[in-house]
Amino acid sequence: MEKPELECIEMNSGFINEIEEGSGIKVSACFQCRKCTNGCPVTFAMDLYPDQVMRYIQLGLKQEIRESATIWVCASCETCTTRCPNEIDIAGVMDFLKQSVVKEKGQAAEDKVLAFHQIFMDDIRKRGRVFETGLVGKYMLHSGDWVTKLKDRSILDEMLLGWTMFRKGRLNLFPKRIKGKAEIEKLFNNSL
Ligand code: SF4
Ligand code: SF4
């Protein structure tokens, strides 16, 4: 029988070093048991499973990871990190990968999630906490969602929801700052 042709993968060991040195997380310890993937609540929306992301990093498949939707779909719930028998902080790796794309001003497979991520992180950096009212407005503008919502008139439902939340004290009209802002700034400077 004729053997199928195997595709050769060019290894890029620089990528795993970049991740391990930058994040302090030992991805090379992953032995592919898949406990992370089996516990992840959002695998249904992923095109690469968490254990595959770990394997791709080991193989140096940087571009494939950056083009995948997985890092943007990850909800940072940390279930994977808790389950890993080798104490690999998989959620931390996902965060690190997201931040690398933002830092290098790369394109994301999920542009709207990238827009949300950037606005959310900018808010935290600026005030130490999220100002939800401003975040919704900025997200609508950046993602272009306001156009769709205006056309199908669902923007009225959003406004009604906003008004109900405001009446119940769940939305503020003005942003608030936290006391430890300098510490937050330090965290950003150390991680970016
Ligand atoms: S942190 Fe992300 S990858 Fe890990 S279990 Fe939660 S959603 Fe899945
Ligand atoms: S649980 Fe840990 S060791 Fe197992 S596949 Fe996931 S990252 Fe690798």
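This is a predicted model: local features need pLDDT of at least 70, side-chain atom pairs count only at pLDDT 80 or more; totals for chains, interfaces and linings use all residues.
Colleague: Which residues come nearest to ligand 1?

Modeller: A residue is near a molecule if its C-beta atom, placed from the backbone, lies within 6 Å of it. Of the 14 residues around ligand 1, the nearest are Cys40, Cys74, Cys77, Cys80 and Ala91. Helix H6 (79–83) and helix H7 (90–103) are the elements giving two or more residues to that shell, and H7 gives the most, with three.

Colleague: And which come nearest to ligand 2?

Modeller: There, 15 residues gather around the ligand, with Cys30, Cys33, Cys36, Asp51 and Cys84 coming nearest. Helix H2 (35–39) and helix H3 (50–59) each supply at least two residues of this shell.

Colleague: Which residues of H3 are buried?

Modeller: We call a residue buried if 20 or more other C-beta atoms lie within 10 Å of its own, with C-beta atoms placed from the backbone. In H3 those are Pro50, Asp51, Val53, Met54, Tyr56 and Ile57. A handy rule: an α-helix has 3.6 residues a turn, so residues three or four places apart point the same way. The cover over the buried residues of H3 includes helix H1 (13–23), H2 and H7. Just after H3, Gly60 takes a positive phi of about 80°.

Colleague: How many residues does the largest nonpolar core have?

Modeller: Such a core is a set of buried Ala, Val, Leu, Ile, Met, Phe, Trp, Tyr and Cys residues joined through C-beta atoms within 7 Å. The largest one has 27 residues, and Val27, Ile57, Ile90, Val93 and Met94 have the most contacts inside it. H1, H3, H5 and H7 are the elements that give two or more residues to this core, and H7 gives the most, with six.

Colleague: What is Ile90 in contact with, leaving aside its neighbours within four places in sequence?

Modeller: Two residues are in contact if their C-beta atoms, placed from the backbone, lie within 7 Å. For Ile90, the list is Cys36, Pro50, Met54, Cys80, Thr81 and Cys84.

Technical notes. Residues are numbered from 1 along each chain as its sequence is written. Chains are lettered from A and ligands numbered from 1 in the order in which they are written. Helices (H or I, at least four residues) and strands (E, at least two) are DSSP runs, numbered from the N terminus. A residue is buried if 20 or more other C-beta atoms lie within 10 Å of its own, exposed if 12 or fewer, and partly exposed in between; C-beta atoms are placed from the backbone.
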